[in-house]
Structure formats: C-alpha cells, structure tokens
Amino acid sequence: MKGSTSWRWLLKKQYFLFDGIVCGARMKQLPFMGVVCTVMLFIIYRTTNYQHQQTEMDSRSNPFYTSKYIGEDTTGLNSLPRGIIEAKSDLDLKPLWTTSSSKSQINVRSSSNLLAMPVGIKQKQNVNTIVQKFLPENFTIILFHYDGNVNGWSDLEWSREAVHIVAHNQTKWWFAKRFLHPAVVSIYDYIFLWDEDLGVNNFHPGRYLEIVKSEGLEISQPALDPNSTGIHHRITVRKRTKIFHRRVYDYRGSTKCLDDSEGPPCTGFVEGMAPVFSKSAWQCAWHLIQNDLVHGWGMDIKLGYCAQGDPTKKVGVVDSEYVVHQSIQTLGGPSATKVSKLEDTKVKRHTVDVRSEIRRQSTIELQKFKERWERAVDEDKKWVDPFPLTRKRKLRRNNKRNFSKV
C-alpha cells in the first residue's frame, strides 16, 4: 500500500512540475507574443498608410480619373487597362502629319500657360496688341468669338496658331464653362481669363508670373491704372510704390475697408475682367461657375474659397505689371430691334437699349447666385466655412432669425 501511494504521489509531483514548467513557459511567451503582435500591427498600419498616400498621389497627379471630377461613374472605364486611360487634354494645335521641322517645333514649343479671351472684330487691334505680348512667353491662345466673325482675323500672322471657337452673343463665363473644363486645361500652370478691352503697354506676362509664383498667389489680377474707366473696387487700383498688394484700406463709401476687415472686397478679392488662376484654383473656380448664370456676377466675391488656402494670403493684385481697363462694351452688338404684333396685326418696331438689358439680366443672375450659395450652405450640413469671419456673420444671421421667431 505504501509503495503504491508513493508512486501516485511521485506521479502527481511530476505532473505538477511539468504543468508549472508549461505554465512558466507560457508566461514567458506572453511578452514575446505582445511584441510580435505590436510589430504586425505596425506593419499593417504602415502598409495601409502607404497605400493611402499612393492613392492620394495618384489622384493629385491624375485627379480627373475619379468619378468626382469626371462627373460620371468610372465603372465604365473598367474594361480599359488603367495605363491607356487619357483623362486630360490640352488646347495645343497638332499637325496632320509629322515632319522633321514640325517634330523639333513640337519638342521646343510646349505651352505651359493659357490666355483665353472673348473677342469681337471691333476690338481686333487691341486684341492683337494683347496677344503679341503673350506669344513670346509661349502661351496657348484661345479666342471666343461672340460675334461670329472668324475670317476677319485670318490676316494676323498668329491667327492660324490660335484656337478659335464661335458662339453668337455668348459671354466669357459661358465659353469658359463649356470649353475650359479642368481636364482640358490641366496641363497649363496658369489660366488667364481676360476681357478684350485691356491696355497692356505696362504689362509683361513673364514678369507677372515671376511675382505670382514667388508670392504664392493662386488667384490674382494685374492692377488697374488709376486712369482706367469702370473701376468698381479700390482694391484693384494700382499702388505706385508696391510690387503687389493683398488688401486695401478705404474709409469712404458704403463698403469701408478697415483694419479688421477680413473679407472681400477689402482682401482676398480680384475682379472678373482680368483674373489669373493657377491650375488648382481653376479646378475649383470652374465648378463654382453656374451653367445657366452666364454673366458671372457675384462669383468674384466667392473666388477666395478657391484660393487653396487662406485667401488673404493666396489672392493678390500685382502693381508692377498693370493694365488699363478701357471699359469698351461690344458684346451684344448695337441696339437691336424688338418686333411685337399689335391687335390690328400692324407691326411696330422700337429700339432696345442692349446695355440696360444686359445689366438688368446680370442683376437678376446676381440675386440667383446669392440665393443658390445660401441654399447650398444651409443644405450641406457637413460643410464648414473655412473663413472665421464668414462663420461669425452666419452665426449672427442665424441668431437674428431665431430671435425673430421667438
């Protein structure tokens, strides 16, 4: 009996000893397993983060591949290998066939900037002067003919190198919305969307771009000579002692620009006659243009939202390279005639003040644009206004509304 008892005790002792060894081994393995798990999690995190960064880089280098910018579901592209998809274009003219001379010309002349203007034949001489300033700086030129007259430009040597688009009585913003899609102009670093009535004797596009790049201006315009006609905002007027400026101080008029003024038209503002956009800024501004509001009134106040950052720093007016706004209005042609039938079927003709009609329509569109902006802000609950001053104004407005309801 004693022998069997001692054997059982010995076996239990060995079992507990073995179990303790295993348990100890397991306890020793816990820190090791923790280290392994930590390393694995770190590797997974770095891999996921790297993939995310690569996706972001791809979207920046080719932003129009995604449905966000194409405007349609990209699943229709799945039948194509990704490398063959050409999601962007340009406005450079290409030869029908390649010769040795044309091949060398193509290699040398690859435009990096674009000048686009609405033009009429009455402004031919002034437009020629403007284009002659830009051609030596290797700009692509696109003319939007609102009067239908293209043949009248054929005697100009550079005319065959320009892109000509015709649509009767259409505005600059109508043309821009339909023919300057970001995917089409994405190869250009800067887009000059100018009116045709600007005097450029004191303007050099090369020097202008040097200033814009060095100061990091995403949206800009050349300053207006003080003798210009049609000056609407003091911030656009040239300051003789400055190279450029971002804000103005003006204590006169209904809109006063004081030390604490943080929004347009006191700072972060350019006017619609001669805006210059960087590639990134234009991608945003094109989406801001309303398809049916062709006069563009009110859009200049909101362009700061497209400045790719703080508009008080990213939007500016260049003083050293300035233009003269001549305010020659030719769009719409001379006074037209309206025809209306009287009850006795006789026809009565009377002249129409084209400029008054255009201004009336522009005012209507301005109100519509304001209403659409306010409605979009109210409906987009996730959108946060990046500019503190605008947020304060909206808060005050909402408080007034709530107070009036009480």
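Predicted model: local features only at pLDDT ≥ 70, side-chain atom pairs only at ≥ 80, totals over all residues.

I started with the secondary structure: the protein chain has 11 helices and 11 strands.

Residues are numbered from 1 along each chain as its sequence is written, and side-chain values use heavy atoms, with hydrogens and water left out.

**Whole chain.** I looked up burial next: 36% of the 406 residues of the protein chain count as buried. Buried means under 20% relative accessible area, exposed means over 50%, and partly exposed is in between (1.4 Å probe, protein chains only). The protein chain exposes about 25,400 Å², and carbon and sulfur atoms supply 55% of that. These areas come from the Shrake-Rupley method with a 1.4 Å probe; for residues, only the protein chains shown count as cover.

**Salt bridges.** How many salt bridges does a search of the whole structure find? I got 7. The rule is a side-chain nitrogen of Lys or Arg within 4 Å of a carboxyl oxygen of Asp or Glu. Side chains of opposite charge can pair when their charged atoms come close.

I checked Lys124 and Asp155 and found their closest N and O atoms 2.7 Å apart. Lys124 is in helix H4 (residues 124-134) and Asp155 is in the loop between strands S2 (139-145) and S3 (163-166), so this pair ties together parts 31 residues apart in sequence. Asp155 is exposed, at 57% relative accessibility.

Is Lys172 buried or exposed? Lys172 is buried, at 6%, while Asp195 is partly exposed at 21%.

Arg372 and Asp292 also meet in a salt bridge, at 2.7 Å from N to O. Arg372 sits in helix H10 (residues 354-379) and Asp292 in the loop between helices H7 (279-288) and H8 (299-302), 80 residues apart.

**A nonpolar patch.** Last, I found a surface patch of Val35, Val36, Val39, Met40, Phe42, Ile43 and Tyr45, with about 660 Å² of accessible area together. Patch residues have over 30% relative accessible area and no salt bridge; like charges are joined within 9 Å, nonpolar side chains (Val, Leu, Ile, Met, Phe, Trp, Tyr) within 5 Å. Val36 lies in helix H1 (residues 2-61) and is partly exposed at 33%.

Terms used:
Helix = DSSP H or I, 4+ residues; strand = E, 2+ residues; numbered from the N terminus.
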